[in-house]
Amino acid sequence: MHIYFLQHADYLGPARFADWLTGMGHSHNTCHLYADEAPPIFDNFDALIVLDAPFGLHEDTPPAWLKRERKLIARMLKSGKPLLGVGVGAQLIAEALGAIVSRGTYAERGWQPITLADESPFNLPERFEAFTWHHDVFGLPDEALPLGGSTASPLQGFAWDSGRVVALQCHLEATVASVSALYDHLAAFDERLAAADGAYLQTRETVMEEPRRFDRLAALLDRVMLDWLHHARRS
């Protein structure tokens, strides 16, 4: 399969997504929207992954290319092609499916325990730890099944259309390098997320003190990606 990434900032790349796809024999390309690259031609890819972004969806001055990206996501939802979004990418999918995207009560930055929802279709443990980095949240679209949630964010993702479409608020693709890049650009995010402290905000030192956490994330990502692309082979 050939997968395209939609990237919104130079420091918010595919991270472990790219390594996983390469290791499984899939090819991939990246559209750098922030550099004014045009979205890929629809017939030139088999599946699409929409990455995180350093902006909210309802800012006063959204990027000029966001309208084109929304159109591509809407077309993906109507097609039979697999679509996955993470962070703001997940919010764009939720919005396109009619769910409300809004500012959450708490910002989350760092490791958070996630409890799987009873009706969750994801092949994940009943309780696991994930890396989080967001302030906005979204509701559950109609006909979607929830992933589960953390204390601060009851909905950390969902699956729609029998798993063809996956939205992840949490970051199972995170690596030491990708998270280091986030902390290097902390000031680029909204004031609450970039705050020095908070109930669910962790420092770089706390996040990095146990590197094996990132290895455990890799095993979780493997489960999600295998299920997602299994659907792709059936589409």
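## Close-up views of a predicted model

**View 1. Glutamine 112, a buried residue in a strand.** Glutamine 112 is buried, with a relative accessible area of 8%. The model shown here, as in every view below, is predicted. Glutamine 112 sits in strand 5, which covers residues 101–116. Which residues does glutamine 112 touch, not counting residues up to four places away in sequence? They are Phe128, Glu129, Ala130, Thr132, Ser150, Tyr200 and Gln202. One of them, Phe128, falls within strand 6, which covers residues 127–138.

**View 2. The whole protein chain.** The protein chain has 6 helices and 10 strands. Its C-alpha trace spans about 45 × 40 × 35 Å along the principal axes. The radius of gyration of the protein chain is 16 Å. A compact globule of 235 residues would have a value near 18 Å, so the two agree. Of the 235 residues, 57% are buried. Among contacts with a separation of 6 or more, 73% join residues 24 or more positions apart.

**View 3. Surface and charges.** The protein chain exposes about 10,400 Å². Carbon and sulfur atoms supply 49% of that area. The protein chain carries 20 positive and 31 negative charges. How far apart are the mean positions of the positive and negative charges? The distance is 4 Å.

**View 4. Helix 3, largely enclosed.** Helix 3 runs over residues 88–96. Of its 9 residues, 7 are buried, so helix 3 is largely enclosed by the rest of the structure. The buried residues are Val88, Gly89, Ala90, Gln91, Leu92, Ile93 and Ala94. Glycine 98 follows helix 3. The phi of glycine 98 is positive, near 95°.

**View 5. Glycine 139, in a loop between two strands.** Glycine 139 lies in the loop between strand 6 (127–138) and strand 7 (145–146). Is glycine 139 buried, partly exposed or exposed? At 27% relative accessibility, glycine 139 counts as partly exposed. Leaving aside neighbours within four places in sequence, glycine 139 is in contact with Ala94, Ala99, Ile100 and Leu155. Tyrosine 4 lies 135 residues away from glycine 139 along the chain. The C-alpha atoms of glycine 139 and tyrosine 4 are separated by 26 Å.

View 6. Alanine 15 is not a glycine, yet its phi is positive, about 50°. Alanine 15 is found in the loop between strand 1 (2–7) and helix 1 (16–23). With a relative accessible area of 22%, alanine 15 is partly exposed. Serine 162 is not a glycine either, and its phi is positive at about 60°. Where is serine 162? Serine 162 is in the loop between strand 9 (157–160) and strand 10 (165–168). Serine 162 counts as exposed, at 70% relative accessibility.

View 7. A disulfide is a covalent bond between the sulfur atoms of two cysteines. How many disulfides does the structure hold? The number is 0. Cysteine 31 is buried, with a relative accessible area of 2%. Cysteine 170 is also buried, and its relative accessible area is 0%.

Key: Residues numbered from 1 in each chain as written. Predicted model: local features only at pLDDT ≥ 70, side-chain atom pairs only at ≥ 80, totals over all residues. Heavy atoms only, no water. Helix = DSSP H or I, 4+ residues; strand = E, 2+ residues; numbered from the N terminus. Rg over C-alpha atoms; globule rule 2.2 N^0.38 Å. Buried < 20%, exposed > 50% of the residue type's maximum accessible area, 1.4 Å probe, protein only. Contact = heavy atoms within 4.5 Å. Areas by Shrake-Rupley, 256 points an atom, 1.4 Å probe, with all protein chains shown as cover. Lys, Arg positive; Asp, Glu negative; His and termini not counted. Charge placed at Lys NZ, Arg CZ, Asp CG, Glu CD. Disulfide = S-S within 2.5 Å.
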